[in-house]
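Open the model in your viewer and keep the sequence panel beside it. This tour tells you what to select at each stop and what is there.

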Amino acid sequence: MPIKCHNRVLLLLACVAAAAVALPFVNVAPNRLVSGEPRLLWEIWPFMPVAIVMALAAAIALSLLPGRAALWLTLILSELLFVTLFWSAGLAATHMASAESPLARTSIGSGLWLWLALCLLACSDAIRRLVTMPAWRWVLNAQIWILPLALLFSGELNALSLLKEYANRQEVFDDALAQHVTILLGTLFPALLIGVPLGMWCYRHPSRQGSVFTVLNIIQTIPSVALFGLLIAPLAGLVKSFPVLGSLGVAGTGLTPALIALVLYALLPLVRGVVAGLGQVAQDVLESAHAMGMSARQCFWKIQLPLALPLLVRSLRVVTVQTVGMAVIAALIGAGGFGALVFQGLLSSALDLVLLGVVPTIALAVVLDALFALWLALLRRSAND
């Protein structure tokens with residue numbers, strides 16, 4: 001009788017993880033500016049490949065077993081392996097620091113990055129199969145990060161090259177974080193103040209939607225660097241003609257053109273979300289509300305807005321994540337943020353400095369996206385209740 005695979009995703013991930021054994025586990029460099037030398041897993045700990053093989057064999061066996069018990073075991077195994085690999089990165093860096101010179105830098109290798117990603121994918125797939133309620137899925141996905149964050153804040157990973165770079169540039173990092181959050185908030189609030197009324201206007205005047213969306217689509221197709229550059233000359237001329245604007249912080253470079261460009265990019269998703277959200281409310285519902293004596297304002301606040309809110313939140317979610325990423329490019333015109341660290345690292349060929357800007361940007365986008373996912377899950381649950 002042929003063996004049936006009940007979890008092909010887990011089987012595929014296990015096969016890819018087996019191939020990743022040949023990739024570097026960590027990279028060791030004599031200092032922060034020199035490229036590191038790859039070190040394989042068995043070159044650091046000779047016994048670790050045996051443990052990895054046992055974990056992969058267990059994953060393959062679980063992919064062949066049916067039922068929820070196998071899925072729970074898959075989640076537990078993947079999460080334990082993720083935490084172990086996370087902890088082993090700091091342990092390997094500490095080991096290399098004692099074996100090499102004090103200036104040596106140990107960074108995570110491509111093999112370890114791939115294993116961590118595969119563990120997260122296995123956890124996510126198991127949670128998706130186990131739980132159907134979005135709120136509980138969110139909770140199970142969030143708890144994966146409890147132990148890794150505990151290891152991070154306990155100092156177990158301080159020997160890693162990235163955290164050494166953070167320790168050397170903590171004040172610069174804190175300033176970059178504050179600037180990045182300022183760019184994000186300075187984009188979202190004006191975008192909401194402009195996009196929501198514009199979307200409502202387009203919804204009430206369908207004949208005007210074509211021209212509005214044409215303009216917004218054209219703005220969306222302009223490359224971000226080009227749009228930043230196009231705004232420099234007009235703003236510089238405006239400040240020259242009206243010096244009082246300069247005293248208010250307006251300038252041809254820096255935060256002002258960055259915020260204007262990011263707000264323009266944010267308008268298309270927001271306006272589309274408002275129009276689609278309001279448009280999905282059935283006319284029969286509105287007619288019934290009017291027949292009951294509700295005014296147009298009451299219909300909007302009590303019927304249209306609650307029904308349209310999930311789509312509006314999805315649009316705001318897209319805009320938020322998009323802005324976090326595009327704010328990195330804004331550093332080219334002096335807006336600051338994590339992009340300043342990225343481009344400074346590129347200019348000085350310091351990979352750790354580049355990662356010090358890239359990793360927090362990704363983390364910020366993921367955290368904000370997860371918070372919006374929780375918001376949507378709670379909205380869906382309240383709607384069902």
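## Stop 1: a loop residue

Select T253, which counts as partly exposed because its relative accessibility is 45%. Here buried means under 20% relative accessible area, exposed means over 50%, and partly exposed lies in between, with a 1.4 Å probe and protein chains only. T253 sits in the loop between helix 12 (243-247) and helix 13. Helices (H or I, at least four residues) and strands (E, at least two) are DSSP runs, numbered from the N terminus.

Now show the neighbours of T253. It touches I232 and I333, not counting residues up to four places away in sequence. Contact means heavy atoms within 4.5 Å. Then pick V354. T253 and V354 are 101 residues apart in sequence and 23 Å apart in space, C-alpha to C-alpha.

A note on what you are viewing: this is a predicted model, where local features need pLDDT of at least 70 and side-chain atom pairs count only at pLDDT 80 or more, while totals for chains, interfaces and linings use all residues. Residues are numbered from 1 along each chain as its sequence is written, and side-chain values use heavy atoms, with hydrogens and water left out.

## Stop 2: the whole chain

Zoom out and colour by secondary structure. The protein chain has 17 helices and three strands. Its C-alpha atoms fill a box of roughly 75 × 65 × 35 Å, taken along the principal axes. Of the 385 residues in the protein chain, 41% are buried. Look at the contacts with a separation of 6 or more: residues 24 or more positions apart account for 74% of them.

## Stop 3: the end of helix 13

Select G279, which is found in helix 13. G279 is partly exposed, because its relative accessible area is 48%. G279 and A308 are 29 residues apart in sequence, and their C-alpha atoms are 8.2 Å apart in space.

## Stop 4: a serine in helix 11

Move to S224, in helix 11 (residues 224-241). Is S224 buried or exposed? S224 counts as buried, because its relative accessibility is 17%. Leaving out residues up to four places away in sequence, S224 touches Y265, M326 and I329.

## Stop 5: a pocket

Select L192, V196, L309, L312 and L316. Of the 17 residues that line the second largest pocket, these lie nearest its centre. On a 1 Å grid over the protein atoms alone, a pocket is an open set of points with protein on both sides within 12 Å along at least five of seven lines; a cavity is a set of points where a 1.4 Å probe fits but cannot get out; lining residues have an atom within 4 Å of a point.

The volume of this second largest pocket is about 320 Å³. Grid points are joined across faces, edges and corners, and a volume is the space filled by probe spheres set on the points.

Which helices build the lining? Helix 9 (170-204), helix 13 (255-279), helix 15 (296-329) and helix 17 (351-384) each supply at least two residues. Helix 15 gives the most, with eight residues. By class, the lining has 17 nonpolar, no polar and no charged residues. Nonpolar covers Ala, Val, Leu, Ile, Met, Phe, Trp, Tyr, Cys and Pro; charged covers Asp, Glu, Lys and Arg; the others, Gly among them, are polar.

## Stop 6: two cavities

How many cavities of 30 Å³ or more are there? The count comes to two. The largest cavity holds about 160 Å³ of space. It is lined by 14 residues, and L56, A59, S78, L81 and C119 are the closest to its centre. Helix 1 (8-19), helix 3 (48-63), helix 4 (68-99) and helix 5 (110-130) each give two or more residues to this lining.

Next, select A17, I52, L56, L81, L85 and W115, which line the second largest cavity. Helix 3 and helix 4 each give two or more residues to that lining. The space inside is about 40 Å³.

## Stop 7: cysteines

Return to C119, which counts as buried because its relative accessibility is 5%. The closest cysteine sulfur is in C123, 6.7 Å away, so it is too far for a bond. A disulfide is a pair of cysteine sulfur atoms within 2.5 Å. By this rule the count is zero disulfides.
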